[in-house]
Amino acid sequence: MSIDTADGLPASPHAREDGTPVRVDLGRLAYPFAQTEMARWVAERQRGDAPDRLFLLTHPPVITYSARTPAADLPDPASPIPLVEVDRGGHATYHGPGQLIGYLVLNVRALGPGDLVRRMENGLLAALDALGFPAVRRETPAGAPSLVGIWTPDHRKLASIGMRIRRGVSSHGFALNIDPDLSAFTTFTACALPDTTMTSLAELAAEAGRPAPTEAAVRDAVADALLRELTRRPPTSPPAPRTEADDPHGFRPLNPPARP
């Protein structure tokens with residue numbers, strides 16, 4: 001489903017018999033409207049009126065920040081990009097065309113053991129593997145700004161994650177750069193990491209001399225991998241999480257696409 005306004009937003013779907021979260025594809029939603037809708041989605045899940053859901057969408061240009069974000073990290077007041085304070089974790093980030101936004105509205109109590117953010121990272125890593133892009137997650141040193149998210153092996157940031165959990169239900173989620181205007185990230189300090197360079201799948205594909213994936217292909221890969229990860233039962237003795245330290249040469253895609 002692809003929409004640009006409030007007209008025709010889908011009614012609350014029925015739960016799947018296997019308990020897998022329901023994928024809901026939306027189009028471009030204005031950020032304030034999406035936040036109003038997200039509050040409704042969360043309330044529905046808290047009441048048990050709707051199943052777990054993964055909403056996939058895009059936003060017009062907007063910079064969002066949390067109450068923890070230092071004023072010095074924000075753009076100049078004369079910036080033409082709207083600035084919105086939000087109720088999630090993390091710091092300032094940019095949303096805009098060319099990004100895939102994923103909002104996870106889940107009953108985290110029913111999810112079982114395991115860290116929701118870690119599962120989101122693992123799902124995104126699996127999706128990027130399927131698309132042929134090596135990526136890693138990074139451990140945050142004690143006392144340092146959070147490195148949660150998805151990174152290239154050379155430490156450029158590809159996806160940001162920020163969540164909120166209230167009354168056992170999650171909201172917000174991730175922003176994955178497919179082909180956004182990366183110059184927008186230079187107008188403020190993204191994720192409280194002043195020395196970080198943001199990148200995109202389109203930029204990485206150009207460096208590799210291959211076509212960039214379409215938004216539809218990225219949506220399918222992300223939805224498949226995330227929903228699989230969110231319903232995975234943790235093993236009795238879980239393997240060590242995959243990080244950049246597991247391979248000193250950087251990760252290689254499991255099934256790299258053929259070069260044109």
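A salt bridge is a side-chain nitrogen of Lys or Arg within 4 Å of a carboxyl oxygen of Asp or Glu. The model is predicted: local features need pLDDT of at least 70, side-chain atom pairs count only at pLDDT 80 or more, and totals for chains, interfaces and linings use all residues. Residues are numbered from 1 along each chain as its sequence is written, and side-chain values use heavy atoms, with hydrogens and water left out.

**Exercise 1.** Find which salt bridges Arg156 forms with Glu203 and Glu207, and say what they tie together.

*Solution.* 
- Step 1: Arg156 and Glu203 meet through their side chains at 3.7 Å, N to O.
- Step 2: Glu203 lies in helix α4 and Arg156 in the loop between β7 (150-151) and β8, so this pair ties together parts 47 residues apart in sequence. Helices (H or I, at least four residues) and strands (E, at least two) are DSSP runs, numbered from the N terminus.
- Step 3: Arg156 also bridges to Glu207, with the closest N and O atoms 2.8 Å apart.
- Step 4: Glu207 lies in helix α4 too, so the pair ties together parts that are 51 residues apart in sequence.
- Step 5: Check exposure. Buried means under 20% relative accessible area, exposed over 50%, partly exposed in between (1.4 Å probe, protein chains only). Arg156 is buried at 17%. Glu203 is partly exposed at 30%.

**Exercise 2.** Explain why strand β6 (residues 99-105) is largely enclosed.

*Solution.* 
- Step 1: Seven of its seven residues are buried, so the rest of the structure largely encloses β6.
- Step 2: Take the faces in turn. Gln99, Ile101, Tyr103 and Val105 are buried on one side, and Leu100, Gly102 and Leu104 on the other.
- Step 3: Look at the partners. Two strands pair if DSSP finds at least two bridges between them. Strand β2 (residues 53-58) pairs antiparallel with β6 over five bridges. Leu57 stands opposite Ile101.
- Step 4: Strand β9 (residues 169-177) also runs antiparallel to β6, joined by five bridges. Here Gly102 faces Phe174.
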